[in-house]
Amino acid sequence: MKATDINNPEYFHKVVDCQYGCPAHTPVPEYIRLIAAKQYTDAYMVNWESNVFPGILGRTCDRPCEPVCRRGRVEEKPVAICRLKRVAADNKDDVTERLPKIPTRKNGKKVALIGGGPASLTVARDLMPLGYSIDLYDDQAKAGGMMRSQIPSFRLPPEVLDEEVNYILDMGVNATFNTYVDSLKSVLDKDYDAVFIGTGAPSGKNLDIPGRNEATANIHVGIEWLASVAFEHTGSIGKRVLVLGGGNTAMDCCRTAKRLGGEDVKIVVRSEFEKMKASPWEKEDAMAEYVEFLNCHVPQEFVHEEGKLVGMRFEKVEVVYDEQGRRNLVPTGEGPIYLECDDVLIAIGQDNTFPWIERDIGLEFNRRGMPVVDKVSFQSSCQRVFFGGDAAFGPENIITAVAQAQQAAISIDLFCHGKDVIQDRPGPGVTLTSQKMGVHEWSYDNQISNDGRVHVPHADKEKALSDRKVEVELGFDIELGFKEAERCLNCDAQTVFTGEKCIECDACVDICPTDCINFLMNGSEKELRQQLRAPANNRDQDLYASGKLKQTSRIMIKDENVCLHCGLCAERCPTGAWDMQKFLYNVTKAGQTCAG
Amino acid sequence: MSYSKPKFRHPDLPKNELGLSKTDYEGAISTLCAGCGHDSISAAILNACFEMSIEPHRVAKLSGIGCSSKSPAYFLGKSHGFNSVHGRMPSVATGANLANRDLIYIGISGDGDTASIGVGQFMHVVRRNLDMLYMVENNGCYGLTKGQDSATSDLGSATKKGRPNMYEPIDLVALALRLGATFVARSFSGDKKQLEPLIKAAITHKGFALIDVISPCVTFNNTATSTKGYEYIRSHADNMEVDFVPMREEICTSYKAGTTQQVCMHDGSSVHLHKTAADFDIHDRQAAMEAVYDHKKEGRILTGLLYMAHDSEDLHKVLDTVPKPLNALREDELCPGSRFLNSINEGLR
């Protein structure tokens, strides 16, 4: 096995699982430490730099960081990273002074943003401080996109949304609302130096089965229905509601229905419970509000009487895996299942539609009707046009949209300065600094908290269910937030090994609580993985290997998998061969390479 | 500074026959200097006891005074312990062993505790063949009092202070062989591959088992001029490779003919010696003494199992004590009453 090249920033980046797993690569341990130190405003700004919407994401993020959190591999549950983000947002001071200053003298470049959701707003956030003039177009009455139209108020209060959206609009974005852009050509004909398309995936999938047209008055497409609730066009729903689909939109639909008069609300979904796409916590929250889940039911027909919906028929299926391991839904043959209902909400997915983009302007589309977009630069085949968010590669989530839009902003900035959007792309900003303060003292709290994940308090259920604007999750207070913050293992405090200093005394091997460190004769990685003190079966996690050591010709091998970053190896090292060094990885933002 | 170890452990840690994991054999976090050889020895004892599936409550750890003698606090936290007077651990071990022959006795001592203040007690416990493992954590200096030369420091060896030692050393292995020890080994704290099987064999051995473990003092005696530093030992040691195969286990490794030697122990376990040691006669006391001497003459250090008696008879056997531990005898068993006393007295008239 070759010695690990720790000069490659991606090696230690991968060790910080949460940051690596976050599409925007938010330095999670960094802001969690700030929360523990009660520096909420600082923690908020670390987030704001990286993910633009800390208050919003602290409530609604899909949390790709949490399933990969190292804590989840050494005990039951990961750190509640998302909820800690909210602690920073809830307790911060006024941040307006800390927001970037917008130059009064513009740089002479004009950019149009189509759509006013998280992607477009992120591009504006990154380009406004550089002196760009920005026009934003959206067909809704206010900015925010799906964050406003699809996420119910009981999960995301409008004040939180407005605050973070306004930080950006107040930079001087020239926003035009209630305006549907129906031609890209007409936009391109104006004198924009670049156009960014962040129009999301605005079309909810329909379910074309018998009875759909006849009973249409009581059949609603989920995201459209949620939008009409958000904009207060819809204020009630029937007593018996069926929600079709198993994703997060379905969860929002059923919980909203519960608040608008739905008494008997059921989720009906084709797949089994475990395979439902909704995040586990959203399923839990829906169940806690007495929503019934019916799994393995395939919709067959909307049943109507005299043009009015009265129920739906389903076929019961079971999941069977064939010889190739493919999953099939096979009818059980029990005969149709009939469920009475007053309203149906269809939440079975979303599509992109680009009817407003002319197909003869040099912007290529693929066979699935999606624009051809470069995965790194987010540039389309029409050089002046960039995509980001759900509009680029289909429905994902807010944090992905933010991450993509930051990259698109870099590309726009490079493009507007006549640079190559790939070749001139900046690398990440990385620092690696020793945390040693004294003989056995570190600048971070290396004592590991043994506490389990803190439960988040909820609003009184009766009150919450009676008013769709009452936020359900109350968030951690300062005390609970501190307790949860202490659970973070500080995975960015890296164990850095200097082989030349090692005297092979074994002290690190003996003290390591999780048996990560080994000294062995070199071999292939596959062999070494089995020879370690505890077998390294998690292949997603790297082995950190040194070069050949002086005294015994062995090498040091550390399995990164369950390292607690407790620093005991470095405390017990007599020669400083081990050191705890803070690895800070920052995704470079637009403007950090283009002067002027 | 950390005063406790986090409680989280590797989720795939193996369990032994008792269903225990290594965690169950841990002690308090060490307060010895970082890099001290003694901590490695503690870990080796822990590993050996774990792998032998010894119930922690069946072990008694005994020690005297010194850095070495602090170390029993850092392993087998659920076992019995007695931190005794300087150089007097053998007396306490003898008393404890006579009172309860059912426990496994592990004595931890240092070069000062054994070769200086305690050399008299050491010699007599060897002679008596008390059933125990006697570990000397030998670093050639008095670490706890700032690194003065100890009685095992080699002539000419210099600690951090820089002045070469002026006196001839006591070689504890040679001394033990001379006094009739029934199990004698030498090892190095930085070589657990050899040390752990030696500990297992020593625990299995019925009688007195000495392991003289060279254990560098990182703070005072790990200099280029010292003969007990990590680098010096690694470049001057001739290591016999040793394996220990417990009674119940099949031997699954196969060795080339002539490269290995199997030595059976009283309970059916066996010790395997490899390579250089394959033709070494482990039962020849004279040869062991010569081998130790010959290596020393060449400036080398011979490590491994040097001698093991064929027919070790421990102190209980010599004294012909009852099989039941004395501390478990009831009063009526211990004191059969005046009728028996009278009959004894009658027999002497």
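**Chain contact, domains and a buried helix**

Chain A is divided into domain 1 (99-202 + 352-416) and domain 2 (205-349), with bounds from an automatic or database domain assignment. This is a predicted model, in which local features need pLDDT of at least 70, side-chain atom pairs count only at pLDDT 80 or more, and totals for chains, interfaces and linings use all residues. Residues are numbered from 1 along each chain as its sequence is written, while chains are lettered from A and ligands numbered from 1 in the order in which they are written.

**Domains of chain A**
- Taken over C-alpha atoms, the centres of domain 1 and domain 2 of chain A are separated by 32 Å.
- Domain 1 of chain A gives six residues to the contact and domain 2 of chain A gives nine (contact: C-beta atoms, placed from the backbone, within 7 Å).
- The side of domain 1 of chain A that touches domain 2 of chain A has three nonpolar, two polar and one charged residues (nonpolar: Ala, Val, Leu, Ile, Met, Phe, Trp, Tyr, Cys and Pro; charged: Asp, Glu, Lys and Arg; polar: the others, Gly among them).

**Contact between chains A and B**
- Chain A contributes 31 residues and chain B contributes 24 residues.
- On the side of chain A that touches chain B, helix 7 (71-74), helix 20 (507-511) and helix 22 (568-571) of chain A each give two or more residues (helices: DSSP runs of H or I, at least four residues; strands: E, at least two; both numbered from the N terminus).
- That side of chain A comprises 14 nonpolar, eight polar and nine charged residues.

**Helix 3 of chain A**
- Nine of the nine residues of helix 3 (residues 28-36) of chain A are buried (20 or more other C-beta atoms, placed from the backbone, within 10 Å of the residue's own).
- Among the buried residues are Glu30(A) and Arg33(A).
- The cover over helix 3 of chain A includes helix 4 (40-51), helix 8 (81-91) and strand 24 (578-586) of chain A.

Conventions:
Contact = placed C-beta atoms within 7 Å. Buried ≥ 20, exposed ≤ 12 C-beta atoms within 10 Å, placed from the backbone.
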